[in-house]
Amino acid sequence: MLTCSIDLRAQAQPWQWCEQGKSWVRGEDRIRPLAHAALEARAVTDGSTTLMVVRERVAGRPSLLRSTTPVRVDSAVYARALQECHDWPLQGICVEADTGGVRLCTGLGGVCPLYLTHRRASDRLMAADGPARPPRPPGT
């Protein structure tokens, strides 16, 4: 559903949508939703915390989340948007980011596949939509 590279150290910059890269960005950090007709990417912020969501589409279901650009809302609307993500009837991945770090929530019942690695030297969290594969031997 997404790939990402996020520095886990405190960051003061806000997350933004970059249309050219089809990604949410914050400095060198990137969260890129998988482009697929069955998925939607949405974001909202209360000014201190940003919620970025990639989830399976549900036809005809109303949603508080309507834009890939993190739309500014008050804390009550933010809380309702977060609850909507937890109540979503299909699979999805929610990323909540603030200056204190990042929180990931996965899918219906917490079972949406997300493969994470941590690079200790740079304190970066890496995620991909499939398991890491060992490099191929030369000549294959």
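Biologist: What does the secondary structure of the chain come to?
Modeller: Helices (H or I, at least four residues) and strands (E, at least two) are DSSP runs, numbered from the N terminus. This is a predicted model, where local features need pLDDT of at least 70, side-chain atom pairs count only at pLDDT 80 or more, and totals for chains, interfaces and linings use all residues. Residues are numbered from 1 along each chain as its sequence is written, and side-chain values use heavy atoms, with hydrogens and water left out. The chain comes to one helix and 11 strands.

Biologist: In what order do the six strands of the open sheet stand?
Modeller: Two strands pair if DSSP finds at least two bridges between them. The pairing here is antiparallel. The order is β2-β3-β4-β1-β11-β10.

Biologist: Why is one side of β2 and of β10 left without a neighbour in the sheet?
Modeller: β2 covers 16-18 and β10 covers 115-119. Both stand at the edges, so the reason is that each has a single partner strand.

Biologist: Which residue in β4 stands opposite Leu2?
Modeller: Strand β1 (residues 2-7) and strand β4 (residues 29-33) run antiparallel. Four bridges join them. Opposite Leu2 stands Pro33.

Biologist: What percentage of the residues count as buried?
Modeller: Buried means under 20% relative accessible area, with exposed over 50% and partly exposed in between (1.4 Å probe, protein chains only). The chain has 140 residues. The buried share is 39%.

Biologist: What share of the contacts with a separation of 6 or more comes from residues 24 or more positions apart?
Modeller: Contact means heavy atoms within 4.5 Å. Residues 24 or more positions apart account for 52%.
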